[in-house]
Amino acid sequence: MAQLRLQLVAAIVAVAALGGACSATAGFEFNEVTVDAIQSGFKNGSLTSKQLVLFYLDRIARLNPLLHAVIEVNPDALAQAARADAERASGHRRRCGPLHGVPILLKDNIATRDRLNTTAGQVFVELSMKNPYVRSVTPCGSSSGSAVAAAANLAAVTLGTETDGSILCPASMNSVVGIKPTVGLTSRAGVIPITPRQDTVG
Ligand SMILES: *[C@@H]1O[C@H](CO)[C@@H](O)[C@H](O)[C@H]1NC(C)=O
Ligand SMILES: *[C@@H]1O[C@H](CO)[C@@H](O)[C@H](O)[C@H]1NC(C)=O
């Protein structure tokens, strides 16, 4: 059962800021959306961070009872999204990176500076994650929540961790693109470690 412990993932974290003061989402395609399309939606006024977060919260509420990919959502996600929208509207865009205002799901072994509990799945060992395409097929592990959530459009971007196959295997089993960065190229600050020689976040 050791495998299941780390198979439980993810907490939603709304990221910072750009801002559009728009409320209509007519025509915006949320499913399989890319970060580039999200940013052009912010720019052309067809999308706000708040609408994006609401869309994903609704997807999570409807699909997670089947998929078990998400343990917690950040209770401050909507407020953070509103702040991002306000920042974008007030012209602070130049200070904002491409992930500004884009909600991200994080594997539950990555610490956050907010109200989310980071438990590495310890509290929920009895739940079993489901592959969204074929629910009887393993989603693989241990970054299964990250892969399942991306495949089911629970967020446009998810982060997992890999020590030995934990990004590559779930990405493959859930038909999503998984990037395992070269060890040491991405920060491991706040990640519950297994071995510094192999751990990487991607
Ligand atoms: C705004 O950008 C999004 C994403 O590229 C696109 O789907 C949408 O059609 C655009 N809407 C307008 C009004 O240009
Ligand atoms: C963190 O865990 C506590 C205790 O189980 C729970 O009351 C709280 O709602 C959790 N936080 C979030 C953001 O889910």
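Exposed here means over 50% relative accessible area, buried means under 20%, and partly exposed is in between (1.4 Å probe, protein chains only). The buried residues of α2, which runs over residues 35–44, are I38, Q39, G41 and F42. They sit on the same side of α2 because they cover an arc of only 155° around the axis, the arc being taken over the directions from the helix axis to the C-beta atoms. Helices are DSSP runs of H or I with at least four residues, strands are runs of E with at least two, and both are numbered from the N terminus.

A quick word on the source: this is a predicted model, where local features need pLDDT of at least 70, side-chain atom pairs count only at pLDDT 80 or more, and totals for chains, interfaces and linings use all residues. Residues are numbered from 1 along each chain as its sequence is written, chains are lettered from A and ligands numbered from 1 in the order in which they are written, and side-chain values use heavy atoms, with hydrogens and water left out.

Now for helix α4. Buried in α4 are A77, Q80, A81, A84, D85 and R88. These residues share the same side of α4, since their arc around the axis is only 140°. After the helix comes G91, with a positive phi near 85°.

N74 belongs to the loop between β2 (72–73) and α4, and is buried at 3% relative accessible area.

On to the charges. Side chains of opposite charge can pair when their charged atoms come close. With a salt bridge taken as a side-chain nitrogen of Lys or Arg within 4 Å of a carboxyl oxygen of Asp or Glu, the count is five. Among them are these:

| Pair | N to O distance |
|---|---|
| R83 and E87 | 3.9 Å |
| D85 and R88 | 3.0 Å |
| K180 and E162 | 3.7 Å |

R83 and E87 are four residues apart in α4, so about one helical turn separates them; E87 is partly exposed at 24% relative accessibility. D85 and R88 are three residues apart in α4, again about one turn, and both are buried.

The K180 and E162 salt bridge links distant parts of the chain, 18 residues apart: K180 is in the loop between α6 (168–173) and β6 (200–201), E162 in strand β5 (residues 161–162). K180 is partly exposed at 35% relative accessibility, whereas E162 is buried at 3%.

Finally, the surface. Y133, V134, V137 and M173 make up a nonpolar patch with about 330 Å² of accessible area together. Areas come from the Shrake-Rupley method with a 1.4 Å probe, and for residues only the protein chains shown count as cover. Patch members have over 30% relative accessible area and no salt bridge, with like charges joined within 9 Å and nonpolar side chains (Val, Leu, Ile, Met, Phe, Trp, Tyr) within 5 Å. V134 lies in the loop between β3 (104–106) and α5 (144–151) and is partly exposed, at 41% relative accessible area.
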